[in-house]
Amino acid sequence: LLVSKDLGKHLLEVEDLLQKHGLLEADISAQTERVQALNVAALKFSELEGYQPCDPQIICNRVNHVQTCLEELEELAAKRRKELEDSRQLWTFFQEMEEAEAWIREKEKILAAKTCGRDLSSVTTLTAKHKTMLGELGNRRALLHQTMKKGEKILAKKSSGPAGVQEKMREVCLRWKKLEEVTGLHQQRLEDALNFFQFSAETDDLVAWLQDAYRIVSSDDFGHDDYSSRALLRKHRAVVEEVEKHRAAVLALREQLALLAPDHRQGVDVQIRVVEVEQLYGEVAEVAVLRTQWLQDALAVYRMFSEVHACEVWVDEKEQWLQRMEVPEELDEVEVVQHRFESLDQEMNSVMGRILDVNQVVQQLVDGGHPSSDEVRACQDHLNSRWNRVVELVETKKGQLSSVLKIQNFLLEC
């Protein structure tokens with residue numbers, strides 16, 4: 001049993017042989033105690049004085065022979081245990097290498113079947129899974145390093161080394177290196193896809209914001225009076241500020257696109273998308289400028305209407321007063337009315353200035369092509385017409401007063 005050359009053909013068989021060898025060693029240990037006891041008993045016969053049943057030399061030779069055989073047996077047992085342990089170390093190495101190869105094959109299949117996702121959510125999920133795999137790769141790398149050290153120790157024991165150890169180490173090292181390369185390439189593809197989908201998501205968000213902004217700045221609500229127009233203009237100016245803030249994001253799209261991987265940035269769709277965003281921003285900015293002008297024009301119209309209303313209230317009041325007024329015949333009363341006309345002249349000069357301002361605003365609106373030009377012009381014409389009528393009434397009344405004053409002065413002179 002101890003000189004057997006059977007060292008096992010795989011790890012389980014070696015473990016079985018070691019277990020059996022352990023039983024044999026236990027048996028040898030038991031027999032050692034028995035032999036030692038028998039030797040002690042036998043040597044007593046060689047020390048007898050007087051009658052000796054056997055030649056003492058023969059007893060000593062037999063004791064020495066048995067002891068020598070036992071020692072040889074123990075040496076053989078130690079030698080076989082060493083051989084079996086070396087065999088177990090060898091087959092443990094091969095089994096660990098096979099496990100490493102199986103793990104590598106499994107990861108190669110997984111990497112070969114993996115995609116880079118269809119959107120930001122799937123890419124993020126795949127990236128998280130890949131990070132987990134990188135952790136497994138690190139753990140497996142440490143185990144493989146330990147196994148390689150075992151192989152180096154096996155090779156160091158014999159100059160030639162057991163058959164297949166060095167070849168297996170070289171083969172697994174090459175496959176591991178290829179796996180790390182494939183893993184690195186897949187990680188790079190995931191990063192490229194993540195950058196692309198993040199770029200796409202940010203672009204979509206920018207487009208959504210610009211579309212909302214376009215709906216706001218293209219509104220046809222310009223208010224219904226001075227107060228509402230002012231409020232709309234304040235809100236619009238806030239929107240214009242936001243549009244201006246987004247200018248940098250739109251301009252940065254080209255730079256972000258240039259940083260993407262070639263297969264992503266060279267796509268026709270993504271390039272068209274960038275151009276569409278730039279065009280949309282240009283439209284939003286342009287319409288925002290137009291709406292600013294339209295709101296200012298609307299505010300100017302409502303201010304003009306307010307000013308016209310104020311002037312017409314004054315005209316109504318003075319027109320009614322002039323129509324009701326009768327030129328007195330008494331000199332004292334004529335002088336009172338004349339004094340009133342002097343005050344009226346001052347008021348008319350002030351109102352005349354306001355009417356001239358209204359006419360100037362109307363001309364600006366008409367020249368600017370304001371959509372309410374006809375209404376504004378009609379309002380202007382109506383105000384000017386009433387003003388001219390008041391002026392005529394004033395001149396008529398002044399003429400009557402002048403005639404009365406001449407008559408009164410003539411009478412006084414007479």
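Predicted model: local features only at pLDDT ≥ 70, side-chain atom pairs only at ≥ 80, totals over all residues.
Residues are numbered from 1 along each chain as its sequence is written. Local features need pLDDT of at least 70, side-chain atom pairs count only at pLDDT 80 or more, totals for chains, interfaces and linings use all residues, and side-chain values use heavy atoms, with hydrogens and water left out.

**Aromatic pairs**

Six aromatic pairs turn up in a search of the whole structure. Rings of Phe, Tyr and Trp (its six-membered ring) pair if their centres lie within 6.5 Å; planes under 30 degrees apart are stacked, over 60 edge-to-face, and the rest tilted.

Select Phe196 and Phe197. Their ring centres are 5.2 Å apart and the planes stand at 65 degrees, so this pair is edge-to-face. Both Phe196 and Phe197 are buried (under 20% relative accessible area; exposed is over 50%, partly exposed in between, with a 1.4 Å probe and protein chains only).

Next, select Phe222 and Trp294. This aromatic pair is also edge-to-face, with 6.0 Å from centre to centre and 80 degrees between the planes. Phe222 sits in the loop between α4 (165–217) and α5 (226–245), and Trp294 in helix α8 (residues 268–324), so the pair ties together parts 72 residues apart in sequence. Helices are DSSP runs (H or I, at least four residues), numbered from the N terminus. Phe222 is partly exposed, at 23% relative accessible area; Trp294 is partly exposed at 35%.

Then select Trp91, Phe93 and Phe94, which form one aromatic cluster.

**Last stop**

Select Glu74, in helix α2 (residues 56–113). Glu74 is partly exposed, with 36% relative accessibility.

Definitions and conventions:
Helix = DSSP H or I, 4+ residues; strand = E, 2+ residues; numbered from the N terminus.
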